[in-house]
Amino acid sequence: MGTELPGIKLEREGIAGIPVTKALSEVLVGIGQVLAAKTVDPTQAYGAMGSFLKAFAELKPSESPGRLAFVLVAASLARCFEDMLRDIKLEQEIEKGQLEALSSDMLSQIEVKSLSINADFFLSPASFPFLTDFARLIYDRLVRPARTPTVKDLEKSLRRHYAVALNLAVMAKPHSFQPLQDQLFNQTSEPARRQIERARHQAGLVRAFEDMPLMGQDDEDDPVLLGEVYVPLRAFHYQPRVKDKAGKASSYTHKPVGEDKEQRRKVLQDFESYALDWIERADPNRSVMVLSGGPGMGKSSSQRALAARIVREQRGFPVFIPLQFMADQTTLEERIHHVLSKRSPDNRLAHDFLNYIDEATSDGPIVLMFDGLDELYLSDAGDDKPLRDLVSKITTYIKTRPRKDGKATVLAIVAGRIGAADRATSELEVNAEEIVHFLPFILSQEDKQLFVDGTSESDLHHDQRSDWWHKWQLRRPNLSKQMPERFKSYDLTPLSCEPLLLYFLAFAGIPESESEETQLNRNVVYDAILRNFHNRECKKDHKNLGRVFDNFDSEFEPVLQSLALAAWYDGSTRKGNMDDAFAALSRANFTVLDKFKQYLGKEPAFSASLAFHLAPVDGKNTYEFLHKTFAEYLVARRFLKAVQELPEALKPVSGRPIDFDDVLIYWIADWGEQAIDEDLLRFIRDEVEVSVKAQADVFEHCRTSLAQLLGYVQKQGIPVHVYQAKIATSKIDSFATMTDWARNAEEALLVGVHCTVLATRAADPETRVETVPLVDPVSSPADTGDLQSHSFVPGNMLARLQRQTGQGFIAHRCLSGLDFSGAYLIGADLSEANLMGAKLNRADLSGAKLSDNSFVAEVLGLDQARHLDKAHLPEGWSVTRDEQDTAWDIATPDGPYIDPRLRD
């Protein structure tokens with residue numbers, strides 16, 4: 001290419017008996033045929049580079065540099081040609097003869113001219129001399145007489161894609177091309193090397209999106225790739241306020257005050273386009289964007305897609321930073337060093353981030369993408385310090401970066417689940433327009449009403465599930481072209497509307513039956529996926545976890561549950577260590593534990609075949625779940641098993657009294673170390689619901705057992721001190737930690753009662769679920785009518801848990817079916833409590849907050865509560881004493897309150 005530096009002349013001789021030009025010709029023709037077919041989605045990858053390089057599987061580093069160089073150039077051309085054809089999307093029909101002629105012409109250009117490459121080839125691959133010639137040939141053979149796109153358009157597209165294609169080719173066979181790189185890199189300066197590394201980094205981001213196999217398909221011969229089925233998501237931000245009450249222009253912040261919150265409307269956006277506009281503006285006063293969405297909503301995929309598009313369209317320099325790898329280093333740069341070095345140990349950018357980042361500003365703004373805020377936000381423990389610390393460092397870092405032409409040179413995108421994103425937002429000076437919430441594939445009728453006037457009806461009503469299925473079916477042509485109606489049914493829509501779960505539905509092959517018995521919730525889908533994977537593993541020839549533990553229910557799943565429990569203890573519900581997993585499995589099944597240790601060998605290590613949703617990380621003793629929802633589902637399964645075992649554990653033996661402490665020690669071991677959060681609660685509730693439908697009578701006994709334990713705990717407390725003395729765990733190292741374990745274990749008992757009550761009502765709405773009395777089952781006094789003498793304990797329990805738990809308080813949301821008769825609930829915050837079927841006869845509600853509670857009408861005995869007139873009731877509610885002064889007459893907007901037990 002250049003004349004200043006010595007070059008390596010391309011040698012066109014075949015390798016291992018395979019003519020390079022012939023292999024390239026076949027691939028080029030194949031690409032054109034696939035992409036020119038009207039039935040093929042242009043986003044589908046033909047896999048040109050892979051198909052070409054597959055012919056040279058035996059390519060060795062010992063080949064002559066000239067031959068290595070020719071294969072590298074040819075592979076790059078194959079990928080570039082494919083990317084260009086997808087980019088320009090030719091409308092006219094293309095015949096095979098045209099493609100063969102084009103291929104012949106392109107290869108003739110290489111044949112008749114002597115081509116050499118030198119260090120400039122990697123430094124500036126877009127200057128590859130034949131790209132102009134190729135653009136003219138493509139125009140002559142494929143475009144004429146349509147005249148669009150023009151030669152300039154084609155050349156621009158080729159140059160834009162060739163740099164990425166070259167680096168993707170190098171990464172496809174790094175070992176084979178290493179000698180070639182070493183020889184050429186010796187001719188480059190240090191700044192030039194850094195420029196090459198930046199280009200390699202950017203190509204890696206494209207690869208991580210376009211060429212990433214979907215979860216569970218890594219070992220398949222023809223895996224579906226993320227870039228092939230990705231559907232750009234819709235999102236919204238809240239409508240900014242034009243003027244405040246003083247007439248001053250302003251915008252909503254994350255916390256609008258008073259009535260403003262109710263008046264906000266949503267503004268619909270295409271996420272990628274909206275984010276690219278924000279990057280283009282690079283407003284120094286709006287340099288941080290917060291992305292919020294539930295688990296599996298496509299936050300990570302959308303950022304990967306955005307990063308790839310930034311690279312492809314040369315909009316800036318993205319850096320994708322998964323926060324599960326972020327260590328607690330001093331500076332932000334050190335933290336990013338740590339993450340990048342974990343992901344790419346050999347990437348020099350990871351080890352010299354500051355220099356690389358300073359020089360990268362010439363390519364456009366640097367876009368730091370911090371993915372997984374929830375990895376740092378332990379909401380269940382009320383610990384948001386790591387998150388606040390990171391956000392503070394991001395803000396400081398961005399403010400200290402120099403501006404260029406009045407624009408910010410560094411932007412940041414921070415993404416996480418809703419709770420973590422909200423917490424980050426509260427720490428940032430962010431306008432409403434920069435707080436972006438991802439939307440599901442289909443919007444409910446209620447959601448559609450919340451958008452600003454003038455929002456396109458077609459955009460609001462568009463069902464993106466069909467878009468996704470179209471892409472999926474093209475890669476799995478044995479499936480029907482239309483998405484199964486089953487996926488659109490009432491019970492599956494909450495699943496199919498979320499990107500990750502829709503993929504799981506398609507991957508697991510959910511049956512088409514519409515019968516009541518096969519109504520599905522999310523947990524059934526996860527169960528089907530795990531069993532599907534287990535069956536596949538059992539059929540393989542090589543040793544793997546599935547073949548070792550061929551019984552799914554008694555062996556395979558307990559292992560996975562223990563791995564998930566250990567990851568939950570970590571606080572991230574993603575990463576776990578084998579010591580915690582072994583301990584959890586020892587409590588479940590010693591025999592399976594021994595078998596598991598034998599499978600792993602003397603030094604625990606994970607192979608890729610352990611499970612498709614697990615991967616090794618940070619050495620041999622640590623692993624991570626590729627998606628947190630798998631771990632959450634498995635922890636919920638373990639919780640259900642623990643609840644089901646309680647009736648047997650509480651059976652008296654040979655006339656001896658029940659040893660509640662002994663039963664609670666096992667409960668503490670599993671459920672004391674970590675608090676249950678909202679996401680896990682949802683999985684537990686769904687899991688219990690599935691089981692109650694199948695075994696309603698069993699759960700009557702489970703609920704009774706949970707009530708017994710709760711009653712004992714209220715009198716005697718959670719025996720963490722007994723557990724500590726018996727187990728001697730180093731994890732309980734202070735009184736504060738002991739208090740946390742006690743609170744967590746007690747909350748878990750409440751969660752069990754709450755979920756069994758809700759599930760029983762859901763299974764049969766006509767069933768009357770008896771309230772759970774919260775009194776000591778051993779020594780409670782006879783019911784003399786003097787409820788105050790023994791029933792004050794529930795109120796104390798509620799106040800204690802609320803005080804101890806702080807931000808992560810979840811116990812007050814799990815009060816379904818509990819008997820609070822006579823309890824002192826003075827000033828209790830019940831605004832978000834689920835009081836479905838709870839009993840409040842003679843409970844003292846002075847100052848209790850019920851104003852925002854949507855379950856108040858379902859409370860039993862509310863008209864018999866004390867001081868109801870002094871409680872904060874929902875809007876439109878009023879109370880007066882009845883004529884006999886024995887109860888309250890309660891008026892609601894929907895009519896008078898009637899005790900649910902007295903309704904028809």
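The questions and answers below concern a predicted model of one protein, and they ask on what grounds its features are named.

Q: What makes Gln314 count as exposed, and where is Gln314 found?
A: The relative accessibility of Gln314 is 56%, and exposed means over 50%, so Gln314 counts as exposed. Gln314 is found in the loop between helix H13 (299–312) and strand S6.

Q: Why is Arg160 called buried?
A: Buried means under 20% relative accessible area, and Arg160 has 18%, so Arg160 falls under that cut-off and is called buried. Its place in the chain is helix H7, which covers residues 151–172.

Q: How do you know that Arg160 touches Gln314?
A: A contact requires heavy atoms within 4.5 Å, and Gln314 is listed among the residues that Arg160 touches, together with Asp87, Arg312 and Glu313, once residues up to four places away in sequence are left out.

Q: What makes S4 and S6 the edges of the seven-strand sheet?
A: The open sheet has the order S4-S3-S11-S5-S10-S7-S6, with mixed pairing. Strand S4 (266–270) and strand S6 (317–322) each have a single partner strand, so one side of each is left without a neighbour in the sheet. From one strand to the next, the twist averages 25 degrees.

Q: Why do S5 and S11 count as paired strands?
A: Pairing requires at least two bridges, and three bridges join strand S5 (residues 288–292) to strand S11 (residues 435–438), so the two count as paired, and they run parallel. The bridge partner of Ser292 in S11 is His437, while that of Leu291 is Val436.

Q: How do you know that S3 and S11 pair, and in which sense?
A: Two bridges lie between strand S3 (residues 234–238) and S11, and as at least two are needed, they therefore count as a pair, in the antiparallel sense. On the S11 side, Phe438 is the bridge partner of Ala235.

Q: Which way do the side chains of S11 point, and are they buried or exposed?
A: Ile435 and His437 point one way from S11, whereas Val436 and Phe438 point the other way, and all are buried. In a regular strand the side chains alternate between the two faces of the sheet.

Q: What makes helix H17 a helix that packs on the sheet?
A: Helix H17 (residues 385–400) touches S5, strand S7 (366–371) and strand S10 (410–416), and the direction of H17 makes about 165 degrees with that of S10.

Q: Which residues have the most contacts inside the largest nonpolar core?
A: Phe52, Phe596 and Trp667 have the most contacts inside this core, which has 227 residues. Helix H3 (residues 65–88) gives the largest share, 15 residues. Leaving aside residues up to four places away in sequence, Phe596 touches Leu545, Phe549, Val559, Leu563, Met578, Phe582 and Leu585. Another core, of 31 residues, lies apart from the largest one and includes Val319, Ile366, Tyr397 and Ala424.

Q: Why do S18 and S19 count as paired?
A: Strand S18 (residues 888–892) and S19 are joined over two bridges in the antiparallel sense, and because at least two are required, the pairing holds. Thr892 stands opposite Gly895 in S19. These strands belong to an open sheet of three with the order S17-S18-S19, in which S17 (878–881) and S19 (895–896) stand at the edges, since each has a single partner strand.

Q: Where is the pLDDT below 50?
A: Over the whole protein the pLDDT averages 79, and 79% of the residues score at least 70. Among the stretches below 50 are residues 243–262, which have 31 contacts in the model beyond near neighbours in sequence, and residues 603–612, which have 30 such contacts. Where pLDDT is low, the predicted coordinates should not be read in detail.

Q: How many helices and strands does the protein have, and what share of its residues counts as buried?
A: The secondary structure comes to 36 helices and 19 strands, and 55% of the 904 residues count as buried.

Notes: Residues numbered from 1 in each chain as written. Predicted model: local features only at pLDDT ≥ 70, side-chain atom pairs only at ≥ 80, totals over all residues. Heavy atoms only, no water. Helix = DSSP H or I, 4+ residues; strand = E, 2+ residues; numbered from the N terminus. Axes fitted to C-alpha atoms, helices over the stretch in contact; angles between N-to-C directions. Core = buried A, V, L, I, M, F, W, Y, C linked by side-chain atoms within 4.5 Å. Buried < 20%, exposed > 50% of the residue type's maximum accessible area, 1.4 Å probe, protein only. pLDDT = per-residue confidence, 0-100.
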